[in-house]
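Me: I have a model open and want to learn how to read it. Can you take me through some features one by one?

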Amino acid sequence: MGSYGVPIYYLLTHILENEVVKPPEITSRTLELGSKYSPDFVCTPFKYTLGTMIESIEKGANLLIQMGGGCRYGYYHELQEQILKDLGYSCTVLNLVSGGRKISYKELKKYPLKIKKRHFLKSIYITKKMVYYMDKMDDYIRTHRCYEKKKGSFDKVRKEMLASFAKVKGVRDLFKTYRKYKKKMEDIPLNQPERRIRVGLIGELYTLMEPAANEEVEKLLNSYGFEVKRYTDVTYLLFEKKRKVRKYLKNFFVKYCMGADALDNIHHTKELCEEGYDGIIHMKSSFCTPEIGAMPIIEKVAQEYQVPVLFFSMDMHTSETGFLTRLEAFCDMLEMRKQ
Amino acid sequence: MDKVTVGIPRGIPYYYDGEFWKFFFQKCNIEVLNSPSTTQEIVDRGISLAPDEMCLSMKIYLGHLDYLEGKCDYLFVPRIDRFDDANQTCTNFLSFYDLAKTYFKTPILNYNIDCHNDLLDGALEIGSLLSIPRVSILKAYDEALEKAKEIKRVKNKKQLELLKEKQKKVLIVSHAYNIHDALIGSDLLKMLKENGIIVLYSDYFLSEDTNPLASKLSKKLYWKYSRDSIGAIPLCEDVNGIIFLSTFPCGLDSLVHELVIRKIKKPYLNLVIDNLSSFTGLETRVESFVDLLEQS
Amino acid sequence: MKECYLGIDIGSISTKGVVIDKEYHLLDSCYLETKGNPIEAVKQVLRQIKIPEGYHLYGIGTTGSARKLIGLLLNANVIKNEITAHAVATMTYHPEVKTILEIGGQDSKVIQIRNHMISDYAMNTLCAAGTGAFLSSQAKRLGMDVKDFGSLALTSQNPTNIAARCTVFAESDLVHKAQIGYPKEDIVAGLCKSVVLNYLNNVCKGKKLEAPIIFQGGVSKNEGVLKYFKEILKEEVMVDPNGHLMGALGIAILSSKNPRKEEYHLDFENVSFKTIGKECHDCSNRCELLQIYREEELLDIWGSKCGKY
């Protein structure tokens, strides 16, 4: 998912003695494979992950790891395993957080995984830190790439950074690498913005975090000269969400959790409006049930603050032209409102 | 105090514990206004309110709430999260209350079921909101629960008797709110009965019997109502065919039905109902399915 | 010499061209079918459209689905999407309007205006149901010309219910209704009504449509659809006689406002444009590339996902 392949690959190669197959990047072939074997109105991440699984098996994998819970995500693996078996592949799909609870070490032992006990905790710590640094950098990029003097400077530094992250040797090395690239990014020459237009990006996590699933919306918005704010990233989901949700529930604005990130998104809408963002873009994969339930509430909140919201429902049939027309028109509107 | 009216929509949760609440309010001497059986008008109301991609059953539920809006003192809207970790519900069940609050102005009577709260807590909460003395709540709860259970037992007994019949039998696997909805399931049921087929409903069996059986088909399934419905399949070894009925685009059924279909060996028909499916399409599919059963 | 500006709206079904002067008066216009060949359609437009004596062209704007291609070929000074163009034109010619309903060939949209600004808009969810293309294909099914749809719909007393949310289902529903013997005018009226209901439920969901309302796009020529809009919204709905040209007018206005102005010469007649489509096999993305040539000069390559071109 996005560039998170780097830390995850790092983690797996450092804690497992088994051979780890790096999943190939998502291409149109992944999508074709995925949608060919998926049920009709399942949500899109199912199709993406199924496609990636088939491609990884072709590269030699026989144990596939899924993570997810909260909505339909948690049930993906069982059906995916069945579909793969019916296709004649022999493999196991393992879900690390099945049914809302984390899998225990004991259960993990049932699978043919050889875990290196040495450096186990250290590797986990490094991975966690790596994710944290990546997310921090991406936050910085989203608000600054729009002003870069030379096009592509940020993307170049980011690519270099990910490549060196993959090779770090220890905690200190990671920290040093991070500092180095942070400096590099801050040194990128920027144009002085004439006017700042800020857009908040909310919605369903897979679509937000996988550029292949969202038509690289962040890059596009940045290229129009808009700053982008996105709450959802792995750091948020794994380490901050629990605390935030508790806080949100105390506000009594929405009484209950509504599954997945629906509650978070409603609160983020409110926050974005209060902080004076110019527009909000809500993206989700088609048929994402929790988000569908949240949409009317998000719309109402934004209406109260008179902040325009653009809803996108992405799936493989999304035509690029249709998407661009809508996005451009939205951006034109934000610019006109600003004048 | 003036007598209050509680509006109960004939949508999704109604089909699970509607009977219980009917008796409960009766005992507590509170007037209840039920919305009528689903009509095209109610569907249209729901469609005009709900986002396009919401499932038809949810749209119908909202349509019922909209029908009751302004006609009663309270709208009765629960929120059902989970009974335990292995028995969760669809995320739509989690958003009933907050959605209703967004759409409607009538005050809402709400209770919550999750790991820490069960139906009794719900009854106590509703009762205290309507300022009914605790003793009467408990009494009404016990009686209503017993009555509701009795109805379920009778239904279950009838089903088990039908299972012994010699005629061709079909099991409908679906959520209760789809099978018994006047618009979603009725055409199908009528067609099957006209063709002399005995129809069994997955939701008329007792959850105690079906729920554990679901693991035979899917080990990791963690949705209660899906477990209850597919658990009926191993229970009804003797049926000649199975009809999967779901509404477009139900998130749970899209996965669960697909998995189950890949595992069963019986003739099956997978029907997905959207408000746009025309009667003719359904007729052709059901007729050819019946023909298939006759030959088997 | 007085300044004038050319606006071209290349839609999926039709191509529109207009010439306006500095005060936004319409000088000349033309309207023809795209027929799947935007370049040929634009050449046709340039052949037909006349720049009056005493005027000189100082700007070209393109909009519509082929705006980028044509904009590149004509060296346009403004290339903008059709939503913005429609809104700009409507705000110029009908400053009082607060809501614009638009149903075009393949998409439909609603634009809301407050204080002479677009305040909100929505578009159909990437599906052709309930648009002009949908009506044309249903007309073909019934063996009629879509132009006669409107007048026939007006004669019906009892429009039939037709489910129009999805093209495929609508078609089977329609055929079924026709076969069990509903009169044609009721079916046609039902279709028109379902287009309106579908539009209001789908595109305008959750929006408060404030009067004055104007109805635009190719389908606005259909009296049946207009009638049901008025009936269901219980409001007066205006239709501009130039409603079908609004996109082109809007982009011409934007072109006139653009500071980058230069003298244009319309002599594309003898220039050959060529586009070559090919699939790139360099990676598994297998992008469909489109190479665009003017004469033999390569102008641009589109469609690359990895950024190679």
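**Domains, interface, sheet**

Reply: Start with chain C: the centres of its domain 1 and domain 3, taken over C-alpha atoms, are 25 Å apart. Domain bounds come from an automatic or database domain assignment. Here that assignment gives domain 1 (2–87 + 248–257), domain 2 (97–239) and domain 3 (273–302). This is a predicted model: local features need pLDDT of at least 70, side-chain atom pairs count only at pLDDT 80 or more, and totals for chains, interfaces and linings use all residues. Residues are numbered from 1 along each chain as its sequence is written, while chains are lettered from A and ligands numbered from 1 in the order in which they are written.

Me: How many residues of domain 1 of chain C are in contact with domain 3 of chain C?

Reply: Contact means that C-beta atoms, placed from the backbone, lie within 7 Å. Four residues of domain 1 of chain C contact five residues of domain 3 of chain C. Helix H2 (residues 67–74) of chain C gives the most to the domain 1 side, with three residues. Helices here are DSSP runs (H or I, at least four residues) and strands likewise (E, at least two), numbered from the N terminus.

Me: And between chains: how many residues of chain B are in contact with chain A?

Reply: 30 residues of chain B are in contact with 34 residues of chain A. Helix H4 (91–103) and helix H12 (251–263) of chain B each supply at least two residues of the chain B side. The largest share, nine residues, comes from H4(B).

Me: Which strands form the open sheet in chain A, and in what order?

Reply: Strands of a sheet pair through backbone hydrogen bonds, either parallel or antiparallel. Two strands count as paired if DSSP finds at least two bridges between them. In chain A, four strands form an open sheet in the order S4-S3-S5-S6, with parallel pairing. Strand S4 (226–230) and strand S6 (309–314) of chain A are the edges, each pairing on one side only. Six bridges join strand S5 (residues 279–285) of chain A to S6(A). Lys284(A) has Ser313(A) in S6(A) as its bridge partner.

Me: Why does Tyr125(A) count as partly exposed?

Reply: A residue is buried if 20 or more other C-beta atoms, placed from the backbone, lie within 10 Å of its own, exposed if 12 or fewer, and partly exposed in between. Tyr125(A) counts as partly exposed because 13 C-beta neighbours lie inside 10 Å. Tyr125(A) sits in helix H6 (residues 120–144) of chain A.

Note on methods
Contact = placed C-beta atoms within 7 Å.
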